Amino acid sequence: MSYCLNPHCSQPENTDDVQFCQTCGTKLLLKERYRAIKPIGQGGFGRTFLAVDEDKPSKPPCVIKQFLPQGTNTVQKAVDLFNQEAIQLDELGQHSQIPALLAYCNQDDRQYLVQEFIDGLNLYQELEQNGAFNETQIRQLLNDLLLVLQFCHSKQVIHRDIKPENIIRRHSDHKLVIVDFGAAKSATETALNRTGTIIGSAEYVAPEQMRGKALFASDIYSLGVTCINLLTERSPFDSYDTHNAAWIWGQYLKTPVSPELSKIINKMVETIPSHRYQTVDEVIKDLNFQPSSSLPKQVTPPISPPPAVVKTSTQIEKELQELKTQFTGGKPQPKNVNSQPQSSSNDPIDKELEELKAKFMNNE
Ligand SMILES: Nc1ncnc2c1ncn2[C@@H]1O[C@H](COP(=O)(O)OP(=O)(O)O)[C@@H](O)[C@H]1O
Ligand SMILES: [Mg+2]
């Protein structure tokens with residue numbers, strides 16, 4: 001199959017052995033080498049095609065993005081934004097989780113980007129296929145994507161359109177890849193609203209970005225909303241109480257989520273930018289924060305109040321013995337760890353431990 005790139009062509013499907021469209025005569029190969037096979041996306045300002053590179057013997061797949069300006073007053077702005085996408089992609093494409101830019105060209109007065117093809121389902125498709133994500137999956141997703149966003153932000157690029165459709169899980173290594181760079185879809189508020197109704201992007205856009213002021217934190221917001229969508233399997237609009245201007249996604253969870261993760265997501269989707277995480281680093285830090293209870297045990301003996309965990313006397317024996325070993329500089333002790341400590345011992349450490357044990361056992 002070969003798909004005609006002319007957006008006005010009445011019969012764009014052609015066989016893959018022809019050079020020109022059999023219906024409208026448009027050249028089918030872009031830059032004499034890239035052949036569109038089928039459309040895979042239609043945004044407000046462009047179309048995306050699955051394509052092949054006929055210049056290589058194996059004819060590897062690639063992706064063609066075609067720029068289609070809509071309305072005369074925004075053409076220049078949209079063209080500028082498309083050029084910007086090319087420059088950004090070229091630099092960002094160095095990252096393994098962002099598609100590499102293969103070519104950038106003008107043909108028949110339209111602009112094109114050719115990108116590396118990422119084999120895999122996007123998260124919208126994955127959600128449809130496998131159902132809602134759980135906490136572990138969301139944590140993995142965040143740890144993976146936050147690093148890609150960190151890279152983008154370090155290059156001063158705000159993605160502006162983070163949402164499940166723009167995140168592909170690559171089959172080969174299960175890594176998440178971010179696609180659809182460039183601000184073309186948020187060129188004007190009118191365009192944004194129109195795009196929103198077509199592809200549902202508006203649901204993921206931060207309020208300040210809606211008003212034309214995108215910040216790095218706007219991507220954090222969109223990523224948070226993406227998590228909400230993946231956890232609830234609902235449109236993010238339906239997880240927001242507009243009367244009270246509050247997120248209510250917690251009511252629609254498919255599986256429970258820890259208070260820690262809830263807190264992180266809620267801070268990612270704060271409506272007021274200054275209440276939100278300002279940088280990706282802050283989110284990463286909170287996400288990987290280890291509460292002190294899960295840190296290695298302290299050597300300080302627990303005194304009052306007694307620990308909530310009910311311990312058996314053997315456990316206490318063991319811990320006291322360990323403590324003693326620490327106090328005595330780790331010198332080997334003749335006693336068996338499991339044997340009862342000799343109350344007749346004259347060793348002052350033994351005495352103290354005995355007292356400690358007595359205190360403990362009374363509290364059991
Ligand atoms: N490099 C790529 N490799 C594979 N699939 C892609 C690639 N880029 C985009 N896609 C798929 O095509 C869809 C549309 O492309 P996208 O760049 O998001 O354009 P738009 O949202 O403007 O239509 C994406 O949701 C994704 O599923
Ligand atoms: Mg997209």
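Modeller: Helices here are DSSP runs of H or I with at least four residues, strands are runs of E with at least two, and both are numbered from the N terminus.

Biologist: Which residues of H3 and H6 make the contact?

Modeller: From H3 they are Ile138, Leu142, Leu145, Leu149 and His153, while H6 brings Phe216, Asp219, Leu223, Cys227, Leu230 and Leu231; two residues are in contact if their C-beta atoms, placed from the backbone, lie within 7 Å.

Biologist: And how do those residues divide into nonpolar, polar and charged?

Modeller: There are 9 nonpolar, 1 polar and 1 charged, counting Ala, Val, Leu, Ile, Met, Phe, Trp, Tyr, Cys and Pro as nonpolar, Asp, Glu, Lys and Arg as charged, and the others, Gly among them, as polar.

Biologist: At roughly what angle do the axes of H3 and H6 cross?

Modeller: The axes of H3 (residues 135-154) and H6 (residues 216-232) cross at roughly 160 degrees and come within 11 Å, so H3 is roughly antiparallel to H6, a label for angles over 145 degrees. Each axis is a line fitted to C-alpha atoms over the stretch in contact, and angles run from 0 to 180 degrees between N-to-C directions.

Biologist: Switching to ligand 1, which residues come nearest?

Modeller: Of the 19 residues around ligand 1, Gly41, Gly43, Thr48, Ile118 and Asp180 come nearest, and a residue is counted as near if its C-beta atom, placed from the backbone, lies within 6 Å.

Biologist: Which element gives the most to that shell?

Modeller: Strand S4 does, with 3 residues, and the shell divides into 7 nonpolar, 8 polar and 4 charged residues.

Biologist: How should I read the numbering and the confidence limits?

Modeller: Residues are numbered from 1 along each chain as its sequence is written, with chains lettered from A and ligands numbered from 1 in the order in which they are written. As this is a predicted model, local features need pLDDT of at least 70 and side-chain atom pairs count only at pLDDT 80 or more, while totals for chains, interfaces and linings use all residues.

Technical notes
Angles under 35 degrees count as roughly parallel, over 145 as roughly antiparallel, 65 to 115 as roughly perpendicular and the rest as oblique.
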